[in-house]
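Trainee: I would like to learn how to read the aromatic rings in a protein model. Could you take me through an example?

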Amino acid sequence: MSARDFNGVPPLRVQRLSLSQSLALLSAGNPPFGALGYGTPDDLTWMPTVNARVLSGAGAMADVWHASERIESGTTGVVRWRCDGHWMLGAIDLDEATEKVGLAALAQRAYRDLFESLEQTGCAHLLRVWNYLPQINGDGGGLERYRQFNLGRQQAFFDAGQAAFEGAPAACALGIHQGALCIRFLAGRIAPLPVENPRQVSAYRYPPTYGPRSPTFSRAALAEIGGGDVALFISGTASIVGHETVHLGDVVAQTQETLRNLGAVIAAANERATTRFDLAALDCVVYVRHVADAPIVRRVLEETLGAEAHTVSHAVYLEADICRQDLLVEIEAHAVANGSLHA
Ligand code: 3EB
């Protein structure tokens with residue numbers, strides 16, 4: 001049996017729910033594997049959340065994860081995790097003010113503990129990471145804070161002997177307006193299949209004009225998640241062609257370019273799997289720098305994909321800063337489809 005044979009993979013499932021639906025699930029005595037809530041901590045107290053203002057009408061939402069029944073919880077250093085023996089969800093919240101170190105050192109420590117938690121649970125492979133940094137575009141003593149974060153993150157990958165280039169996990173990195181450095185991740189026992197975007201330079205190969213250390217992520221990751229399904233995790237995607245930001249100051253054109261990039265990543269992913277992922281069938285999170293742009297971005301999605309598209313109706317819009325000052329919008333997504341990966 002091949003290592004990727006889905007018969008050997010206990011099922012992992014993810015559902016996008018409204019806050020009330022996810023709370024109902026919890027009170028029904030059916031605690032899920034984990035959840036990632038999109039909204040303020042005041043709305044969501046029982047799951048790790050993304051501490052950002054929700055701009056969509058449906059209010060706070062959550063991605064609720066289900067795994068097998070034998071779930072173990074634990075902590076490793078600063079990481080809180082849940083694991084079913086094959087899949088693992090982890091969360092880190094670290095406050096610079098309390099920890100009294102800069103962001104580079106903080107990121108390095110967070111990722112050091114993250115990799116240690118993977119070793120402890122045996123879920124050695126990182127599939128997807130969600131990074132949220134306070135004041136991402138702020139200056140931290142001569143180096144932008146996002147670039148400091150990249151420094152510490154890449155160093156921790158090196159220190160742990162983890163793939164910092166080809167084979168890096170899918171990820172997103174956004175700026176939140178308040179709170180701590182906040183990292184959420186999904187790991188598993190089997191390495192995912194990384195996917196790049198032919199329209200873009202791999203982020204781990206960005207030239208040094210974007211900072212002394214490259215960002216550490218692949219454009220997407222594919223994984224068999226049991227039950228004959230494949231998941232596609234698409235990293236934060238923006239209006240970047242090659243390595244350059246395009247359509248400065250034009251949120252409509254940036255959104256259109258972002259959708260072209262998403263389409264290109266999906267096409268690249270489809271070459272690696274026996275299924276066809278579809279731009280119109282994503283669960284996406286849309287990060288918008290300026291609150292007033294949210295309805296404009298939504299209109300572009302509707303015009304491009306149709307108002308009835310799953311991607312349009314299930315999108316969560318959050319106020320966030322994007323890692324480049326000139327980016328106005330970024331979209332990340334996941335999708336599940338029936339099929340398997342090409343060997
Ligand atoms: C980009 O394409 C936009 O640093 O983990 C997207 C996804 C971006 C992930 C990260 C950054 C990250 O470069 C920014």
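Trainee: How many aromatic pairs does a search of the whole structure find?

Mentor: Keep in mind that this is a predicted model. The search of the whole structure finds ten aromatic pairs. One of them joins tyrosine 111 and phenylalanine 149, with 6.3 Å centre to centre and 70° between the planes. Planes over 60 degrees apart count as edge-to-face, and this pair is edge-to-face.

Trainee: Which parts of the chain does that pair link?

Mentor: The pair links distant parts of the chain. Tyrosine 111 belongs to helix α3 (residues 103-121) and phenylalanine 149 to helix α4 (residues 145-159), and the two are 38 residues apart. Both tyrosine 111 and phenylalanine 149 are buried. Ring pairs also link Tyr111 and Phe149 with Phe115 and Phe157 into a cluster.

Trainee: What geometry does the pair of tyrosine 206 and tyrosine 210 have?

Mentor: That pair is tilted, at 5.5 Å centre to centre and 50° between the planes.

Trainee: Why does tyrosine 206 count as buried?

Mentor: Buried means under 20% relative accessible area. Tyrosine 206 counts as buried because its relative accessibility is 11%.

Trainee: Which residue lies over the face of tyrosine 206?

Mentor: Here the partner of the ring is a charged side chain. Arginine 324 lies over the face of tyrosine 206, at 5.0 Å from the ring centre. Another case is arginine 298, which lies over the face of tyrosine 317 at 4.8 Å from the ring centre.

Trainee: Where is phenylalanine 165, and what does it touch?

Mentor: Phenylalanine 165 sits in the loop between α4 and β11 (170-176). Leaving aside residues up to four places away in sequence, phenylalanine 165 touches Gln154, Phe158, Tyr204, Arg205 and Ser218. The C-alpha atoms of phenylalanine 165 and serine 214 are separated by 9.1 Å, although these residues are 49 residues apart along the chain. With a relative accessible area of 26%, phenylalanine 165 is partly exposed.

Trainee: How many helices and strands are in the chain, and what share of the residues counts as buried?

Mentor: The chain has seven helices and 21 strands. Of its 343 residues, 57% count as buried. Among contacts with a separation of 6 or more, 75% come from residues 24 or more positions apart.

Trainee: What radius of gyration does the chain have, and what would a compact globule have?

Mentor: A compact globule of 343 residues would have a radius of gyration near 20 Å; the chain has 19 Å, so the two agree. Along its principal axes, the C-alpha trace spans about 50 × 50 × 40 Å.

Note on methods. Residues numbered from 1 in each chain as written. Predicted model: local features only at pLDDT ≥ 70, side-chain atom pairs only at ≥ 80, totals over all residues. Heavy atoms only, no water. Phe/Tyr/Trp six-rings, centres within 6.5 Å; stacked < 30°, edge-to-face > 60°. Helix = DSSP H or I, 4+ residues; strand = E, 2+ residues; numbered from the N terminus. Buried < 20%, exposed > 50% of the residue type's maximum accessible area, 1.4 Å probe, protein only. Lys NZ or Arg CZ within 6 Å of the ring centre and 35° of its normal. Contact = heavy atoms within 4.5 Å. Rg over C-alpha atoms; globule rule 2.2 N^0.38 Å.
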